[in-house]
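Please look over the sequence and the model shown here before reading on.

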Amino acid sequence: MKRFTLLFALLSYSLFSQKVAPVYPIPSAKQLAWSELEFYGFIHFNMNTFTNVEWGEGKESPSSFNPTALDCNQWARIAKKAGMKGLILTAKHHDGFALYPSKYTTHSVAKSPWKNGKGDVVKELSEACKKYGLKLGIYLSPWDRFHPAYGTDDYNQVYAKMQEELLTNYGPIFEFWYDGANGEGPNGKKQVYDWDLFHSMVNKYQPTAVQFSDAGPDIRWVGNERGYAYDTMWSPILRDKIYPGCPDFDNYRNGQENGTHWVSPEVDVSIRPGWYYHRDQDNKVKTPDSLLKIYAASVGRNSNLLLNIPVDTRGLIHENDSASLMGFAAIRTKSLVNLLKKNSSDPLFDGKNSTYWMASPKKKDIRVELKTPISVNTLMLEEPIALGQRVSSFEVELVDELGNKEVIKAGTIGHKRMITFKERKLKSFQIRFTGSRGPVLISNLEAYRFISTRNEPLFQ
Ligand code: FUL
């Protein structure tokens, strides 16, 4: 790919040796490491796959669970080729069926005909993930429509014991996923969850794992299942005001500028309309172009992307999903080529997160003049989030080769922010910071030409 010359980045200067005070809250080491992952996969595969529903009732017969060709190596191989960093498996969904032979429930693979009741899907996936260099995450639905103890205090102990099994028998776990859905159990009772106990299990057995729920404690739900984050997306949130399943979550989903805790958002979305496999959705798999737009609106908005792939009744990722994932990987790799010239002595253009440009009263903006105009449709900015999230609003003025101007107003930046626009031959641009918590720090600035598989304009 032809590189274009960056003539000069006015007003940028190095701060290699300068110490800057953090703006709190700041991420912990494990939260920082998690932000670097950016993209990983969800596997919804369980009893619902065989009963062809999204939510089971807990009355399903274990004899229904019988994949004919289950191959976790195929899942891991495809995930790896798609550029995912890990896979999170639904070890137990709301119907209560466990994909591993738990000692704490009678409703599991141990009672199924698959491998004569000797199988363990969690084990097979953990081994496949190790083989392909992927991280393993666990989804364990707190809501359980099967378990007789559900709705009583004993169930909290059952759930914690199941956590213990999953956290101690399968190697390192990078993320533990608590679903916010909480309905009634088999006896019509709703559970009051002992969240402190659940959190303590993960902290005890897998201290480097992050814990997900609507309200953290480490990372949080973005607030929709359609695959996008918002223009304003704070990692700080008022964590003490929310809890999993809280009814006014919409008021909190953007995070808060005055947030007390660092709890970054995760965007969960399925490659198909459903979370689980349904044959009549084989032709409704999201296209590579649509996945690339989701990527820009999630990873490009201070969030990680958790993309779900429903595994089918054979126990395999369907050919259509695999083809779409490969197409997505191909256009993503071609799209994420920085078209601004690298400059190792300039913190904005050195590609490092540890160095950064800092705004000052005299140098408030970033201006870039390009020697040769470049065809682009995306600008990408990063803040060094180890020092806190700062920018609350900014605007980008684009000037094309004919001198036409467009100003785009935007909210937050955070770990990564992508500003997308109609493709044009860009001659220069200016970034003006209009609101921030403390001095603005920008660690990287890049420009891309996101491409479509159909060579159609991706952004208007
Ligand atoms: C939701 C669940 O109810 C869905 O079935 C799915 O697991 C999704 C990821 O989370 O809350």
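## Confidence in the model

The protein chain has an average pLDDT of 95, and 96% of its residues score at least 70; pLDDT is the predictor's confidence in each residue, from 0 to 100. This is a predicted model, in which local features need pLDDT of at least 70 and side-chain atom pairs count only at pLDDT 80 or more, while totals for chains, interfaces and linings use all residues. Residues are numbered from 1 along each chain as its sequence is written, and side-chain values use heavy atoms, with hydrogens and water left out.

Over residues 1-17 the pLDDT stays under 50, and for this stretch the model has 53 contacts beyond four places in sequence, where contact means heavy atoms within 4.5 Å. Where pLDDT is low, the predicted coordinates should not be read in detail.

## The chain as a whole

The secondary structure of the protein chain comes to eight helices and 18 strands; helices (H or I, at least four residues) and strands (E, at least two) are DSSP runs, numbered from the N terminus. Along its principal axes, the C-alpha trace spans about 70 × 45 × 35 Å. A compact globule of 460 residues would have a radius of gyration near 23 Å, and the 23 Å of the protein chain agrees with this; the radius is taken over C-alpha atoms, and the globule rule is 2.2 Å times the number of residues to the power 0.38.

Of the 460 residues, 61% count as buried, where buried means under 20% relative accessible area, exposed means over 50%, and partly exposed lies in between (1.4 Å probe, protein chains only). Among the contacts in the protein chain with a separation of 6 or more, 78% are made by residues 24 or more positions apart. The protein chain exposes about 18,400 Å², of which carbon and sulfur atoms supply 50%; accessible areas come from the Shrake-Rupley method with a 1.4 Å probe, and for residues only the protein chains shown count as cover.

The mean positions of the 58 positive and 50 negative charges lie 7 Å apart. In this count Lys and Arg are positive and Asp and Glu negative, while His and the chain ends are not counted, and the place of a charge is taken as NZ of Lys, CZ of Arg, CG of Asp or CD of Glu.

Helix α7 (residues 288-298) is largely enclosed by the rest of the structure, because nine of its eleven residues are buried. The buried residues of α7 are P288, D289, L291, L292, I294, Y295, A296, A297 and S298, and what covers them includes β10 (264-270), β11 (304-310), α8 (319-335) and β16 (417-436).

In helix α6 (residues 195-205), the buried residues are W195, L197, F198, H199, M201 and V202. Their cover includes α5 (153-168), β5 (175-177) and β6.

## Two loop residues

T208 lies in the loop between α6 and β6 and is exposed, with a relative accessible area of 61%. Not counting residues up to four places away in sequence, T208 touches K30 and F174. The C-alpha atoms of T208 and L197 are separated by 17 Å, although these residues are eleven apart along the chain.

Y252, found in the loop between β8 (236-237) and β9 (261-262), is buried, with a relative accessible area of 16%. Leaving aside neighbours within four places in sequence, Y252 is in contact with K241 and I242. From C-alpha to C-alpha, Y252 and L306 are 20 Å apart in space, and they are 54 residues apart in sequence.

## Details of the backbone

A cis peptide bond, with omega about 0 degrees, joins Y24 and P25, and P25 has its place in the loop between β1 (6-10) and α1 (29-37). The peptide bond from G216 to P217 is cis, with omega near 20 degrees, and P217 is in the loop between β6 (210-213) and β7 (219-221).

Where are K115 and N116 found? K115 is in the loop between β3 (86-92) and α4 (121-132), and N116 is in the loop between β3 and α4. K115, a residue other than glycine, has a positive phi near 50 degrees and is partly exposed, at 46% relative accessible area. N116 is not a glycine either, yet its phi is positive at about 55 degrees, and with 68% relative accessibility N116 counts as exposed.
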